[in-house]
Each structure stands twice: as C-alpha cells, then as structure tokens.
Amino acid sequence: MTPLTDRSRVWAVLGPTNTGKTWLAVERMLGHPSGMMGFPLRLLARENYERVVRAKGVGKVALITGEEKIIPAEARYFLCTVESMPVGRPVDFLAIDEIQLCADPDRGHVFTDRLLNARGREETMFLGATTMEPLLRRLLPDCLFETRPRFSNLTYTGPRKLTRLPRRSAIVAFSAGDVYAIAELVRRQRGGAAVVMGALSPRTRNAQVALYQNGEVDYMVATDAIGMGLNMDVDHVAFAAMEKFDGSRQRPLRSTEVAQIAGRAGRYMNDGTFGTTGEVGPLPTELVERVESHQFQAVRGIQWRNAALEFSSVAALHNSLNAPAPLDILSRTRDAPDQVALETLTREDEIRSLARGREAVALLWEVCRVPDFRKIHEESHIRLQGQIYRHLTARAGRLPPDWIAGHVKRLDSTDGDIHTLTDRIASIRVWTYVAHRNDWLADAEHWRERTRAIEDRLSDALHERLTQRFVDRRSAVLMRKLNDRAELFAVVDRDGAVQVEDHYLGRLQAFTFAQDRRDGGKGDKAVLNAALKALHGEIGRRILALEAAEDSALTLTDDGAVAWDGAVIARLGRGPEPLRPVVDLPPNDLLTGERARRVQARLAAWLERLLDRELRPLMDLRDVGDLSGAGRGLVYQVVEALGTVPRAAVAPQLAKLTGADRKTLARRHVRLGVESVFMPPLLKPRVQRLRGLLWRASSGGTGLILPPQGRVSYRTEEATDVEAFHRAMGFRVMAGRAVRADMLERFAARLRKTLREAGTGEAGEAGEAGEAGCPLPSELAPMLGMSLEEVEALAGALGFRTWRDEAGAVLYRAERGGRRARGRERSETAEARRHRLARGRAAASDSPFAVLAEKARA
C-alpha cells in the first residue's frame with residue numbers, strides 16, 4: 001500500500017462500519033496546517049468539532065452547519081455538514097465522510113458535487129462503504145484505495161421478544177409512533193430507554209445518547225439516524241421493522257441499509273450482534289450472509305446536478321439546473337426541495353417580475369435553498385420562502401425585525417407535549433439558518449443568539465419530556481443492580497411503604513402489596529421478588545397482630561369485604577346456608593398455606609361472634625323444639641329468608657298452627673302479620689344491613705346496592721332478585737318501592753280502620769263493602785315518606801281501589817268482593833279463610849275495633 005504521506009493525493013478509505021475511518025481522517029487532518037471535513041449529520045460535525053477543539057484549541061477550529069456557524073478569525077480547521085462546506089476556501093486537507101450517500105435520492109447530488117469538485121491542496125480523502133469502489137475507480141482514475149476491515153465480528157442472532165433483548169441494545173424502528181410505542185414498552189419492562197431520531201435537535205440527541213452512554217438506561221430506541229456514524233457502546237441491534245417510508249413510498253430496507261444500521265453493534269475489538277424483534281420474524285438467509293460478510297452489490301449510479309448554474313435569468317437558471325448528466329453513471333436529480341421551491345415560486349407573476357437580473361435571480365436561488373426542517377409542511381414552507389424573497393427585494397433589502405420577531409416569538413414556549421416541542425424545534429431551526437445570513441438581517445448576531453437560545457430551551461424541555469415519559473430512573477437503577485447480580489436491600493416502614501435500595505415500590509396494605517402504579521404496574525418480576533423477600537417477615541408479624549386484635553378492629557364494608565383497620569383482607573363468600581357464610585381470602589402470594597389458614601380461622605371466629613350477637617333472635621329461632629310440624633316448617637322458611645316472608649308464601653303452615661305454636665312464636669319475636677311474617681328485632685338499621693350482606697353472599701348477587709339506613713321506604717331499582725334482596729333485609733317491594741314490613745302492616749291496618757270507621761265495611765271480609773268512598777288519611781304519606789301519588793299506588797297494590805273526586809281529594813274503597821290483590825292471594829284455602837275470619841271475630845272486647853267488627857258481621 002502506498003504510504004499516506006504522499007502529497008497531492010486523493011484517497012478512498014473504504015470498509016464496513018466500526019473500522020475507525022473517521023478517526024483516521026481526523027488524525028490525518030490534524031497532521032496538516034489546515035483542513036476541512038464534511039459530515040452527513042450536524043451531530044457528527046459537532047462531535048468531531050469538540051474533539052478537534054480539545055487537540056488544537058477553540059481559536060483554531062470552526063464549526064459550520066446550516067444552523068450553526070462558529071468561525072474564529074484564525075480558524076484553520078473546519079468541521080462542517082457536507083452542504084455547508086465552504087469549498088471555495090483553500091485548505092491542505094479535505095475529507096468527505098459517508099461518500100456512498102452520493103446515491104441518496106435527496107442529498108446525493110451534493111455529495112457527488114464534493115466528490116467531483118472539492119479537493120485539498122495536499123490530500124483529499126473520501127470515506128465510505130466498499131460498494132463505492134468500482135464507481136470511484138471510474139470517476140477518479142488516480143485515486144488510491146485503502147480497504148479497512150471491521151475490527152470486530154458482527155453476528156446474526158435471530159428474532160427475540162422485545163422484553164428479552166440483552167442489555168446495551170439499540171432497537172430500530174422507522175416512524176416516530178413506533179419509536180414512542182417501543183420506548184414505552186421498554187420503560188415498563190426494563191426501566192427506561194433513550195430515544196434517538198433525526199427529528200430531534202443535536203442538543204436533545206446528545207442528551208439522550210448521554211443517558212445511554214452513562215449507563216442510566218441500557219436500551220436505546222432509534223430510527224435509522226443511528227446508522228450514520230454515531231459512536232455508542234451498542235452490543236446488539238434489533239430491527240423492529242424491515243420497511244421504511246422513503247418520502248414517496250413504503251419499501252423494504254436495502255441490504256446496505258441493514259448493514260449500515262446493524263454495524264452500530266460492537267465497538268472497536270468488541271464483537272456485536274444483530275437480529276429482529278419477535279414481531280418481525282427471522283431475516284432471509286441471503287441477507288444475513290451479506291451483512292455478516294460485508295459483501296454487497298456495488299453502487300452503479302449516483303445522483304448529480306449541474307453545479308455551474310446560470311443566474312442571468314430565471315429561465316437560464318431552470319435550464320442550467322435541468323442540464324443533462326455528462327456520464328451514464330450520473331443520474332440527474334429530480335424533485336430536490338430547492339428546485340421544487342424555485343419552480344413553484346416562479347409560477348407567480350410577482351416573483352418573476354422581482355427576479356430580474358443576475359443578483360435578483362441568485363438571491364431567489366439562495367432563498368429557495370432555505371431548508372425545511374419540518375418536512376411535513378412543504379406548501380407553507382414555500383410560502384415562507386416567498387415572503388422572505390419579497391422582503392429581501394423590497395427597498396430596505398433586509399428582513400423586517402418586527403416580522404421575524406413575530407415568527408420567532410410564537411416558537412418561544414416550552415409548553416406542550418413531545419410532538420409539539422419537536423415541531424417547534426424544527427421551526428426554529430429554519431430561523432436559525434436564516435439568521436446566519438448576515439446580508440439578510442440588519443442585526444444578524446442578535447437573531448443568531450436569540451434563535452440559538454430558543455432552540456436550546458426547547459431542546460432541554462424535549463429531553464426532559466422524553467426522559468419523564470420513557471425513563472423510570474428507579475426501575476433502571478434496580479434493574480442494573482439485578483443484572484450485575486447484586487443483592488437488593490428491601491425494607492418495610494411503619495406505614496407499610498416498601499422500599500428496595502431506597503426506591504419506593506409500593507405499599508403493604510394489611511396483607512396485600514399494592515404496587516406503585518407510576519410505571520403502569522408492570523415492573524420487572526425480579527425487582528418485585530426482591531420486595532417480596534422483605535414482605536414475608538412483615539406478613540408474619542401482621543398475622544400475630546391480627547390474632548391479638550380486638551373484634552372491633554374488623555368491619556364489614558357495604559360491598560361485603562372484611563376490613564382490618566381500614567384495609568380489605570377478605571370477602572364474604574357463599575356458605576352451606578345464609579346464616580353460615582364463609583370468609584374468602586383473595587389470591588395472594590404473600591398469604592398461602594398455614595399463614596392463610598391462620599388468617600381464615602381468625603376471621604371465621606370473628607364472623608361467628610358477629611352473627612351471634614346481631615342476629616341472636618334468628619339464631620335462637622333455629623333451636624325451637626316445642627312446635628308442631630307446621631310450626632317447624634314455618635320457622636324453617638323464616639330462617640332461610642333471614643327473618644321476613646310474605647304471608648301468602650306460608651299460608652298453608654299458618655292455617656295449621658296450633659295455639660301453642662302461636663304463643664311460642666310470639667315469645668320468639670315472630671309476628672304473624674296480615675301482609676308478612678317478620679321479626680321486629682331484626683328491623684334495626686345495622687341488622688338490616690348485615691342481613692343484606694348475608695343475602696348477597698349466599699346468592700352471589702353483587703349488583704344490588706344496600707339501601708340508605710334508617711329509611712322505612714324508598715324507591716327500588718329494576719333488577720333481577722330485587723324483591724328477594726330487599727325482603728331479606730325486612731322490606732316488601734310493592735308499587736316500585738321497598739316498604740319495611742312493620743310499616744307496611746301499620747299502613748294496611750290504617751286503611752282497614754278508616755274503611756270501618758267510615759261505615760263502608762272492612763276490606764276483605766265478606767264483600768259487604770259499599771260503593772261509597774272516604775278521604776285518604778293525610779298522615780299516611782308522611783308516615784312512609786311518600787307522596788300522595790305513591791301512597792295511592794301502594795294502596796292499589798294492597799287491593800284497594802282509588803280515584804279522585806271533583807275537588808281533587810284522593811278517595812278509596814274496598815274492591816268488589818273484598819279480595820285484595822296482594823293481601824289475600826288466590827292460593828288461600830277455604831279452611832285458611834275460615835280461620836282468618838274467625839280470628840277477626842275473636843277480637844278482644846276492649847279493642848276499639850270490636851264494635852265495628854260486630855256490626856260488620858251483623
């Protein structure tokens with residue numbers, strides 16, 4: 001190989017990624033008195049600028065990009081983007097990085113121009129892929145070639161699930177939406193990920209790369225922007241997609257693109273691997289072999305556009321731009337953004353009239369070259385270019401400060417989400433580019449400082465938003481220690497807060513670990529296992545505390561849960577009978593085996609004592625022995641119904657009760673009402689609530705809500721089992737309302753008394769009631785907390801007919817035949833009817849109704 005010290009030589013240093021080509025070129029440049037390097041990315045130009053500054057000092061190094069120009073008076077080394085290279089400035093050394101981009105449809109013509117026309121006085125170097133070698137040999141016959149092998153191996157490892165990718169992995173997607181979705185998943189599963197996209201500003205990208213490089217996160221989610229020379233410690237590259245949108249269509253990745261991106265894996269002598277995520281599946285064998293062996297089809301043609309432009313007129317400029325390529329390997333670039341802008345603007349009569357003369361046409365071309373960093377608003381960007389040109393061709397010949405200030409001020413805000421900040425950064429970069437045109441602004445330095453400050457603020461805010469959204473520093477630290485096989489230290493404080501390595505993971509509520517939901521509740525299992533180790537000891541202490549606690553520390557909630565000091569630990573479940581529910585413990589990895597049995601035994605003992613205390617009358621009723629068969633049958637139904645049954649449902653048993661049965665039942669608090677059989681001691685509000693909870697546990701019903709305590713009537717919802725549910729609590733459901741059993745008896749008795757006193761006959765006797773009515777008693781509505789209309793509906797449900805007279809008063813009378821629809825069901829036997837009438841005639845002589853009853857029988 002010819003030594004690189006030969007002067008006036010053109011070199012091509014070619015090879016795959018991870019070969020140190022860029023470092024070689026920088027070292028060669030520093031060996032010359034002056035030099036210039038062109039990079040494909042502003043980020044790379046900035047990275048190498050800082051490296052050269054450390055070697056030569058800030059006063060001798062310049063940085064020139066579209067939006068950033070640092071040019072000291074004594075600058076001798078220029079680090080630039082390829083588009084911004086001052087090729088007219090003579091330097092001893094000149095290099096172009098990623099020369100294979102000559103074939104890029106969008107920017108290729110710029111790289112081709114540098115390839116053909118940019119030279120250093122002593123040495124010129126082109127860096128890139130080996131696929132360019134045949135074409136370079138044809139275009140540059142005197143070029144010397146050096147092929148550099150990759151220092152490490154690149155191996156395909158196949159598809160893997162996102163959640164099983166190794167540490168120090170870069171996951172590559174090709175849209176912002178996919179990048180964000182993958183980063184969110186990695187955050188939940190692995191603690192966080194850095195995000196790198198071409199749409200980010202260099203400041204934001206550097207900050208995100210620093211997150212990864214410093215080890216704060218072990219994963220990076222990126223677009224193909226990482227394929228262009230970013231130097232990072234990546235061990236594995238995983239492709240989350242194998243297609244990309246290239247600006248005009250969705251197409252598969254080329255093998256060279258796969259190799260360029262996959263080549264980021266491995267560093268210097270460290271081997272790297274690449275593969276896909278599980279959703280993509282395995283790569284074709286042929287593609288894998290090409291990437292691993294770095295054997296690709298040579299570039300056959302590159303993009304070209306005439307660089308010798310004619311500015312004598314708009315037509316001449318168009319013609320020169322459309323000049324045919326001089327060689328068959330050069331493809332004339334079409335639809336470049338600057339040329340599209342020129343063609344669009346020159347369709348306007350006003351622009352054509354302004355663009356007269358060489359200087360005006362040249363100015364128009366410079367305005368058309370103002371880049372659109374947003375890349376999604378082509379029409380609005382061209383309109384902006386037109387406005388810039390009109391201002392520059394006006395009498396002042398400068399952009400009005402107020403006009404620029406209006407545009408810039410709208411972008412000077414750090415509010416908004418990631419997408420908003422990204423769009424603002426792209427917009428301010430346009431104005432930063434404009435501010436570097438000293439001849440366009442009266443105070444260009446002021447606007448450069450202002451737009452730079454805004455971009456920095458927006459970049460910092462965007463980095464903060466990205467970090468907040470996609471990095472859980474707590475989980476990242478814990479995962480790093482776990483991966484290093486370090487023992488995690490976990491504690492539970494007095495309030496139940498669980499901490500692992502001083503990071504809060506959640507709270508122990510009684511026996512249940514409630515995980516912190518800031519990470520979506522999907523923290524890594526290994527981290528949770530570390531927390532569980534600390535929890536097992538605490539659970540043992542809490543079981544002892546529960547066993548020693550007073551019964552008053554345990555309560556039943558309205559949804560049937562058992563709470564200990566306010567924390568739910570169990571739930572009522574269905575037992576062999578309503579009065580024997582079970583206590584169900586929820587699934588809990590912390591409470592199993594003997595521990596679970598101890599907790600269950602403690603709760604079962606508490607529940608038994610609670611039921612025995614609150615439902616003592618009902619419990620005693622089960623043990624009554626001195627009853628006839630009919631009495632025992634009645635007791636069984638009352639106990640199964642938790643204390644209240646409709647009279648019609650037990651009419652056969654009632655008809656067969658003996659006098660002794662009735663006395664025994666009365667002593668046991670069983671009232672045989674006209675409408676219901678019920679137990680008055682069980683109608684206390686807290687007992688009613690407990691009865692409702694027992695019914696729900698026994699029946700499995702969960703949709704019915706406990707009624708307000710202390711009410712004697714209320715509206716009921718329309719639902720399955722609504723009548724059975726309310727009856728279990730001592731209510732009867734009629735006319736869309738639940739009425740407490742004892743109040744329903746008082747209501748019906750008041751209706752009958754009113755009829756008897758009015759002389760219309762006792763409802764339900766022998767049908768002697770007349771046609772005349774009587775006023776509805778006014779005290780009935782407030783007694784039940786109902787409106788007059790609701791009282792009327794309830795009376796109708798009990799078998800009384802109602803209507804209104806001309807004065808508007810509500811009247812009622814007994815139905816013909818005296819039979820009430822709900823009070824005297826059709827199932828009543830003749831014997832039961834005779835017995836009921838006999839009881840009515842046997843009223844005590846001192847009863848206020850005795851005389852009325854005697855008159856009715858007469």
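Start by picking Ser169: across from this residue, in strand E12, stands Tyr219. Keep in mind that the model is predicted. Now look at the E13 side, where Ser169 has His236 opposite.

E10 runs parallel to E12 (residues 219-222), and four bridges join the two. With E13 (residues 236-239), E10 also pairs in the parallel sense, again over four bridges.

Now jump to Ser255, in helix H7 (residues 255-262). Is Ser255 buried or exposed? Its relative accessibility is 16%, under the 20% cut-off, so Ser255 counts as buried. Show what is around it: leaving out residues up to four places away in sequence, Ser255 touches Leu287, Arg290, Val291 and Phe296.

Last stop: select H10 (residues 337-345) and H12 (residues 358-368), whose axes come within 8 Å and cross at roughly 125 degrees. That angle makes H10 oblique to H12, and the crossing is right-handed. Zoom in on the contact, where Asp338, Gln339, Ala341, Leu342 and Leu345 of H10 meet Leu364, Trp365 and Cys368 of H12. Colour these by class and you get six nonpolar residues, one polar and one charged.

Notes
Residues are numbered from 1 along each chain as its sequence is written. This is a predicted model: local features need pLDDT of at least 70, side-chain atom pairs count only at pLDDT 80 or more; totals for chains, interfaces and linings use all residues. Side-chain values use heavy atoms; hydrogens and water are left out. Buried means under 20% relative accessible area, exposed over 50%, partly exposed in between (1.4 Å probe, protein chains only). Contact means heavy atoms within 4.5 Å. Two strands pair if DSSP finds at least two bridges between them. Axes are lines fitted to C-alpha atoms, for helices over the stretch in contact, and angles run from 0 to 180 degrees between N-to-C directions. Angles under 35 degrees count as roughly parallel, over 145 as roughly antiparallel, 65 to 115 as roughly perpendicular and the rest as oblique. A crossing is left-handed if the near helix is turned anticlockwise from the far one by less than a right angle, and right-handed if clockwise. Ala, Val, Leu, Ile, Met, Phe, Trp, Tyr, Cys and Pro count as nonpolar, Asp, Glu, Lys and Arg as charged, and the others, Gly among them, as polar.
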